[in-house]
Amino acid sequence: MAEYLLTRPVRIGLSAAAARSGLHPELIRRFVALSLVDGTIDSNGRMWLAPSAVASLARIQRLRAGLCLNYAAIGLVLDLLDRIDVLEAQVRSQPRWT
């Protein structure tokens, strides 16, 4: 079944993400290459990120600076934090027995 987008996806360019996060664009490219942040490259070779990537970049910065983790460990911690968020959402959605 074909899907058709009715609107353009919301995305920001690499330079805008770099300006908002305070990171060098090449470092953001490295994060995308390491799958720490999701990014797409269009047919012209420009990189695009979701607006939520800015928050992810800030989270990566905090983990790197606060815990002195390498990038492989940061990927693991981000995965675990995402799993915790899913589990907490499941717990909140379950009815409480009194």
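Reader: How far apart are the end C-alpha atoms of helix 4, and what span should its 23 residues give?

Author: This is a predicted model. Helix 4 covers residues 71-93. At 1.5 Å a residue, its 23 residues should span 33 Å. The end C-alpha atoms are 33 Å apart, so the two values agree.

Reader: Which residues of helix 4 are buried?

Author: Start with the general idea. An α-helix has 3.6 residues a turn, so residues three or four places apart point the same way. Now the case here. The buried residues of helix 4 are Ile74, Gly75 and Leu78.

Reader: What do the buried residues of helix 4 pack against?

Author: Their partner is helix 3, residues 53-67. Take leucine 63, which lies in helix 3. Leucine 63 has a relative accessible area of 12%. Buried means under 20%, so leucine 63 qualifies.

Reader: Which residues does leucine 63 touch, beyond those up to four places away in sequence?

Author: Leucine 63 touches Cys68, Leu69, Ile74, Val77 and Leu78. Leucine 63 and valine 77 are 14 residues apart in sequence. Their C-alpha atoms are 8.6 Å apart in space.

Reader: What happens at the start of helix 4?

Author: Asparagine 70 has a side-chain oxygen there. That oxygen reaches to within 3.3 Å of the backbone nitrogen of alanine 72.

Reader: Now helix pairs. At what angle do the axes of helix 1 and helix 2 cross?

Author: The idea first. Two packed helices are described by the angle between their axes and the distance between the axes. Here, helix 1 is residues 14-21. Its axis and that of helix 2 come within 9 Å and cross at roughly 105 degrees. Angles of 65 to 115 degrees count as roughly perpendicular, so helix 1 is roughly perpendicular to helix 2.

Reader: Which residues make the contact between helix 1 and helix 2?

Author: Helix 1 supplies Leu14, Ala17, Ala18 and Ser21. Helix 2 supplies Pro25, Ile28 and Arg29. By type, the contact of helix 1 with helix 2 has 5 nonpolar residues, 1 polar and 1 charged.

Reader: Serine 21 is in that contact. Is serine 21 buried or exposed?

Author: Serine 21 counts as buried, at 13% relative accessibility. A polar atom of its side chain lies 3.3 Å from the backbone nitrogen of leucine 23. Leaving aside neighbours within four places in sequence, serine 21 is in contact with Ile28, Leu57 and Gln61.

Reader: On to backbone angles. What is the phi of serine 35?

Author: Most residues other than glycine have a negative phi, and most peptide bonds are trans. Serine 35 has a positive phi, near 65 degrees. Serine 35 is found in the loop between helix 2 and strand 2. At 59% relative accessibility, serine 35 counts as exposed.

Reader: Where does cysteine 68 lie, and what is its phi?

Author: Cysteine 68 lies in the loop between helix 3 and helix 4. Its phi is near 55 degrees, a positive value in a residue other than glycine. Cysteine 68 counts as exposed, at 64% relative accessibility.

Reader: Back to the loop between helix 2 and strand 2, the place of valine 37. Is valine 37 buried or exposed?

Author: Valine 37 is buried, with a relative accessible area of 4%. Beyond neighbours within four places in sequence, its contacts are Phe31, Val32, Leu49, Ala53, Ser56, Leu57 and Ile60. Valine 37 and alanine 53 are 16 residues apart along the chain. Their C-alpha atoms are separated by 6.4 Å.

Methods
Residues are numbered from 1 along each chain as its sequence is written. This is a predicted model: local features need pLDDT of at least 70, side-chain atom pairs count only at pLDDT 80 or more; totals for chains, interfaces and linings use all residues. Side-chain values use heavy atoms; hydrogens and water are left out. Helices (H or I, at least four residues) and strands (E, at least two) are DSSP runs, numbered from the N terminus. Buried means under 20% relative accessible area, exposed over 50%, partly exposed in between (1.4 Å probe, protein chains only). Contact means heavy atoms within 4.5 Å. Axes are lines fitted to C-alpha atoms, for helices over the stretch in contact, and angles run from 0 to 180 degrees between N-to-C directions. Angles under 35 degrees count as roughly parallel, over 145 as roughly antiparallel, 65 to 115 as roughly perpendicular and the rest as oblique. Ala, Val, Leu, Ile, Met, Phe, Trp, Tyr, Cys and Pro count as nonpolar, Asp, Glu, Lys and Arg as charged, and the others, Gly among them, as polar. The expected span of a helix is 1.5 Å times one less than its number of residues. A polar contact is a pair of N or O atoms within 3.5 Å; within protein, one must be able to donate a hydrogen and the other to accept it, and residues adjacent in sequence count only if both atoms are side-chain atoms.
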